[in-house]
Amino acid sequence: QRQMCIRDSLRPAGRDVPAGRAGQLGPLCGLRPDRRRGDDSPMKQVILDVDTGSDDAIAIMLAMAAPSLEVLGICTVWGNKPVENTTENTLRVLEAIGADCPVYRGCPSSIIKHLQPNRRKIKTAEKPGRDRDGRPPEIHQDLIGSVPSTRRPEQTDAVHFYIDCLLRAERKVTVVLLGPQTNLALALTICPEIRKNIEEIVIMGGGKSRTNATIAAEFNIFQDPEAALIVAESGCSLSYVPLDATHQACVGPAEIRRLRELDTAAGQLAADLAQVMLRAYRIIQNAEEVPLHDALAVCSVIDPHVLRDRRFTRVDIDCGGDYADGQTLVDARAYPDKLPNAWFALGADGALFREMLFTYLSKLR
Ligand code: BDR
Ligand code: CA
């Protein structure tokens, strides 16, 4: 009864779950016989959590194309753009490649940080340079492409989807977090029992020797440090794919050309998105290649060998609100103060990543 009350209070007004909805979630939640891939081994069931976003879009396409993955649902969250945009962008990607997967709209802001505006003042620097129109360079477009999606998100929101799906799952599910971790953090807080059905949480986020949002923090974790801390302390198996790894999984003009030459909707879309990122990276950091962060995280679910130098270590998140806000603290000492809680990858196999990118995207229309 109590759980119902908390859950109902989180449900956005006007988006009631119709009677029988839980039944409709059934087939998405491991209640059907295992789907099998070509070699007859069961597919890995995954939930994606995205703030689409250019690299998120490529990650979604890879996950939909991989024969070893069964995507049970895609949760959206604010981050690169407001949640209305990241949801619409996610639907547009699925439509472009003709893929069918339910999309659950998630949180529009952080759990706590947006209530403490002073914490945001740490990030004051404008991105350097201007694009051709005199505007600051954008790594992510507000909306992907020019054609609105004909599809709609599900009526259930992302937090309730996690709870319903993971409580009912008959085998363990891998959760892949590619944006701020707010949706899963709230689900874990409301219903900690869902942990029992989480195989692993794969996190694109953090950085030991590289950061981007601030001097100390990576963007996804900086956006909602408390959410990242809740996930870090959840007791679930964790695999971080941080900036140290993603900056070794880059594409440049040659790969973008090769994506275009696939001559498919997926290849075209991936090339356009990577091109937008590359244009911004050229202006901001004079770079000739660009990391596809979220795409590497999905590749690591398909084949962990794409990550290099993985350490099982202690990862904590700074929520102090000052210069280190959102920093991932990786305790690599021989005698860490707390027990290790996560795998943290310090590198990636760039050649294998690019091979996977072409192999899987070429399976799509
Ligand atoms: C992360 O931040 C976002 O802008 C990207 O989509 C990626 O998830 C990289 O720091
Ligand atoms: Ca992202």
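Nine strands form an open sheet with mixed pairing, in the order E3-E2-E1-E4-E5-E6-E11-E9-E10; two strands count as paired if DSSP finds at least two bridges between them. Helices (H or I, at least four residues) and strands (E, at least two) are DSSP runs, numbered from the N terminus. Strand E3 (103-104) and strand E10 (328-331) stand at the edges with a single partner strand each, so one side of each has no neighbour in the sheet. The pairing of strand E9 (residues 307-317) with E10 is antiparallel and comprises four bridges. Within this pair, Arg314 lies opposite Asp331 in E10.

This is a predicted model, in which local features need pLDDT of at least 70 and side-chain atom pairs count only at pLDDT 80 or more, while totals for chains, interfaces and linings use all residues. Residues are numbered from 1 along each chain as its sequence is written, chains are lettered from A and ligands numbered from 1 in the order in which they are written, and side-chain values use heavy atoms, with hydrogens and water left out.

Angles run from 0 to 180 degrees between N-to-C directions, and axes are lines fitted to C-alpha atoms, for helices over the stretch in contact; contact means heavy atoms within 4.5 Å.

| Helix | Strands | Angle |
|---|---|---|
| H4 (residues 83-97) | E1 (44-50), E2 (69-76), E3 | about 150° to E2 |
| H8 (residues 225-232) | E4 (173-177), E5 (198-204), E6 (238-241), E9 | about 105° with E9 |

H8 is mostly covered, with six of its eight residues buried, that is, under 20% relative accessible area with a 1.4 Å probe, protein chains only. These residues are Pro225, Glu226, Ala227, Ala228, Val231 and Ala232. They pack against E4, helix H6 (182-190), E5, helix H7 (219-223), E6 and E9.

Helix H3 (residues 54-65) packs with H4 at an angle of about 45°, the axes being 10 Å apart. H3 is therefore oblique to H4, a class for angles that are not under 35 degrees (roughly parallel), over 145 (roughly antiparallel) or 65 to 115 (roughly perpendicular). Ala57, Ile60, Met61 and Met64 of H3 make the contact with Thr90, Val93, Leu94 and Ile97 of H4.

Overall, the chain has 13 helices and 11 strands, and buried residues make up 55% of its 365 residues. Among contacts between residues at least 6 apart in sequence, 82% join residues at least 24 apart.

Terms used. Buried < 20%, exposed > 50% of the residue type's maximum accessible area, 1.4 Å probe, protein only.
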